[in-house]
Amino acid sequence: MYNSRIIGLGKYVPDNIITNDDLSKMMDTNDAWIQERTGIQERRWIKEGSGDTSAVMGAKAARIAIERAGLTKDDIDFIVFATLSPDYYFPGCGVQIQDILDMPTVGALDIRNQCSGFIYAVSVADQFIKTGMYNNILVIGAEYHSGGLDKSTRGRSVSVIFGDGAGAAVMTRTEDNTIGVLSSHLHSEGKHAEELVVEGPSIRHWVPEILEANNEEDTSYYPYMNGQFVFKHAVVRFSEAIVEGLTANNLQKEDIDMLIPHQANLRISQFIQKKFGLRDDQVFNNIQKYGNTTAASVIIALTEAWEEGKINDGDTVVLAAFGSGFTWGSVIMKW
Ligand code: UT7
């Protein structure tokens, strides 16, 4: 059996910065509320006409990750793409990466696990590499939220949270079983699907039905979140997933060199930090700048932590996420 490890990281976020004050011009909200409840100061939203989409941003991040890995696009054997905001209803974004980057006709798999998408994607790539099926896998998380948000006061409890962006990692085979992905732990609880959901369009709510109803009160194509319910589950599941990963590897919380939590809400990260008794330098947060970028959040944060020199060879790195589904999980890596 081989191990898999990350050898290249890249990120791309749109230039267009939307501050909390900008939002207060669109809806009844304010900087104090947003910062107090979420920690978010600003987020990036794609500017209409810029050409950016989830796939396009993913490709930009991927180019950087491949270059930093010292590889070319022709070395990549497989693509795994995590997003909840694909360019098309179908096909998924993975095939677009193959085309945009002009890659050989490698396989492409799309992951639909929302905020946990990158954790699931890393786990899938890890299994393919461990079994020897592929050597180099491009793993991408990208989201284009801003086009699909209700930017009126009606949608304010959700719309102020989400941001756009993308991150990518190149995972490769290593024969050294002491480094790379040590374990991944994935969970779901589908009975809570409707607590954080975009209901339509779907087979339950097709577009003609929506158009025919011509009902401005129909919010089914905007994200809905039962915020406090999700928050309560998030803090419990985040903790469980981290403990599960540490236990599986005989590690203690003191062994964590860097925890990269999904950037859902700074208050959730702070709760987890306190619960595990971690120092500030053991937890990385950038939600203040980017908001919640769901499947892109963990990989953008991991990339940024690495770019800032906060992740070094031999470090124990813990990735953890919770989100819509509900789905949650963790990945434990030795860098
Ligand atoms: O990434 C996937 C996982 N997601 C999460 O983990 C998110 C979990 N949930 C949360 O982060 C929080 O629940 C939110 C940040 C979404 C909301 O914070 P909250 O403290 O749960 O607020 P709330 O929804 O209970 O609303 C409290 C009040 C309400 O007013 P009343 O009824 O008390 O008068 C809302 O109408 O705040 C009001 N409100 C706002 N006010 C100003 C809701 N959104 C806003 C807003 N600006 N944007």
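The legends below describe close-up views of a predicted model. Local features need pLDDT of at least 70 and side-chain atom pairs count only at pLDDT 80 or more, whereas totals for chains, interfaces and linings use all residues. Residues are numbered from 1 along each chain as its sequence is written, and side-chain values use heavy atoms, with hydrogens and water left out.

**View 1. Strand S7 and its two antiparallel partners, S1 and S6.** Strands are DSSP runs (E, at least two residues), numbered from the N terminus, and two of them pair if DSSP finds at least two bridges between them. S1 (residues 3-12) is joined to S7 by 9 bridges, with glycine 10 opposite alanine 168. S6 (residues 136-143) is joined to S7 by 8 bridges, with leucine 138 opposite valine 170. Of the 10 residues in S7 (residues 165-174), 9 are buried (under 20% relative accessible area, 1.4 Å probe, protein chains only).

View 2. A polar side-chain atom of threonine 29 lies 2.6 Å from a ligand nitrogen. Glycine 227 places a backbone N or O atom 3.0 Å from a nitrogen atom of the ligand. The side chain of glutamine 228 has an N or O atom 2.7 Å from a ligand oxygen.

**View 3. Helices in the shell around the ligand.** Helices are DSSP runs (H or I, at least four residues). H2 (31-38), H6 (156-159) and H8 (227-248) each supply at least two residues of the shell. H8 gives the most, with 4 residues.

Technical notes. Buried < 20%, exposed > 50% of the residue type's maximum accessible area, 1.4 Å probe, protein only. Polar contact = N/O pair within 3.5 Å; in protein donor to acceptor, adjacent residues only side chain to side chain.
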